[in-house]
Amino acid sequence: MISIRHVTKRFGRTAAVNDVSLDIEPGDAVALWGTNGAGKTTLIRCVLGLFRFQGQIRVDDFDVARQGKLARARIGYVPQELGFYDDLGVAEAVALFARLKGVRSVYTPDILGRVGLTGHEHKRIRELSGGMKQRLALAIALLGDPPVLVLDEVTASLDACGREEFVSLLSGLARGGRSLLFASHRIEEVTALAQRVITLDKGKVTAEI
């Protein structure tokens, strides 16, 4: 589903990602583990085609560097930092992002129900808690039913209760057959979600468990 081959990304003389290779199969759940600055987010942004890089990344057999739009269409992405218009309603946000993603048929109650936001469709985004905003971001990532979910430290801003609820939600989605690639430095998330753990240090893979 995702094939990463000898990927290197440099910022000046510094290699933020250094000759990384790994495969993520359909239904696989892979955690990128490491301290801040280990290269987790940089590798994710390479997978998304947001950074130019050396090497090759393929998503569902589409080359990220040459067929970026097709590759990204296979990915649902939830970032660490959310960027919503707070005055939008929840249902309006789903409809807006569906149009931006080119998803023609969306049944909003079903999308929101999958992430535990049933009954909140008429709220403004500014009225949502941090955990609810993350659920909305996940709902938007699931638009178009992508086979791959990519998440970058998505529970970093949540309290303990919010983290537990969100991880439980992700666990259910992972069991549904999607491939999952996520960055985390929280052991409870990795234990709950990951089938494999890739440890990064200074941009290099140092271990795979």
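Figure 1. A15 sits in strand β2, which covers residues 14–24; strands here are DSSP E runs of at least two residues, helices are H or I runs of at least four residues, and both are numbered from the N terminus. Is A15 buried or exposed? With a relative accessibility of 16%, A15 counts as buried, since that word means under 20% relative accessible area, while exposed means over 50% and partly exposed is in between (1.4 Å probe, protein chains only). Now look at G203: A15 and G203 are 188 residues apart along the chain, yet their C-alpha atoms are separated by 6.5 Å. Setting aside neighbours within four places in sequence, A15 is in contact with K9, R10, K202 and G203, where contact means heavy atoms within 4.5 Å. One thing to keep in mind for every view: this is a predicted model, local features need pLDDT of at least 70, side-chain atom pairs count only at pLDDT 80 or more, and totals for chains, interfaces and linings use all residues. Residues are numbered from 1 along each chain as its sequence is written, and side-chain values use heavy atoms, with hydrogens and water left out.

**Figure 2. The open sheet that contains β2.** Four strands make up this open sheet, in the order β2-β1-β4-β5, with antiparallel pairing; two strands pair if DSSP finds at least two bridges between them. Which strands are at the edges? They are β2 and β5, and each pairs on one side only. Between β4 and β5, which run antiparallel, there are 2 bridges. Here R58 stands opposite D63 in β5. The loop between β4 (54–59) and β5 (62–63) holds D60. Phi of D60 is near 50 degrees, a positive value in a residue other than glycine. D60 is partly exposed, at 33% relative accessible area.

**Figure 3. The hairpin of β9 and β10.** Strand β9 (residues 196–201) runs antiparallel to strand β10 (residues 204–208), and 4 bridges join them. If you pick out L200, you'll find that its bridge partner in β10 is V205. The hairpin has 2 residues between the strands, and K202 takes a positive phi near 55 degrees.

**Figure 4. The largest nonpolar core.** A nonpolar core is a set of buried Ala, Val, Leu, Ile, Met, Phe, Trp, Tyr and Cys residues joined through side-chain atoms within 4.5 Å. The largest one has 39 residues, and those with the most contacts inside it are L136, L138, L149, L151 and L180. Elements giving two or more residues to this core include β3 (29–33), α4 (108–114), β7 and α6. What does L138 touch, leaving aside neighbours within four places in sequence? L138 is in contact with V78, V115, L149, F166, L169, L170 and L173.

Figure 5. Rolling a probe the size of a water molecule over the atoms shows where empty space is left. On a 1 Å grid over the protein atoms alone, a pocket is an open set of points with protein on both sides within 12 Å along at least five of seven lines; a cavity is a set of points where a 1.4 Å probe fits but cannot get out; lining residues have an atom within 4 Å of a point. Grid points are joined across faces, edges and corners, and a volume is the space filled by probe spheres set on the points. The largest pocket has a volume of about 770 Å³. Its lining has 25 residues, of which R72, I75, Y77, K101 and I140 lie nearest the centre. By class, the lining of this pocket divides into 17 nonpolar, 4 polar and 4 charged residues; Ala, Val, Leu, Ile, Met, Phe, Trp, Tyr, Cys and Pro count as nonpolar, Asp, Glu, Lys and Arg as charged, and the others, Gly among them, as polar.

**Figure 6. The largest cavity.** How many cavities of 30 Å³ or more does a search of the whole structure find? There is 1. About 50 Å³ of space lies in the largest cavity. Its lining is made of L151, E153, V154, L170, F182, A183, E189 and L193.
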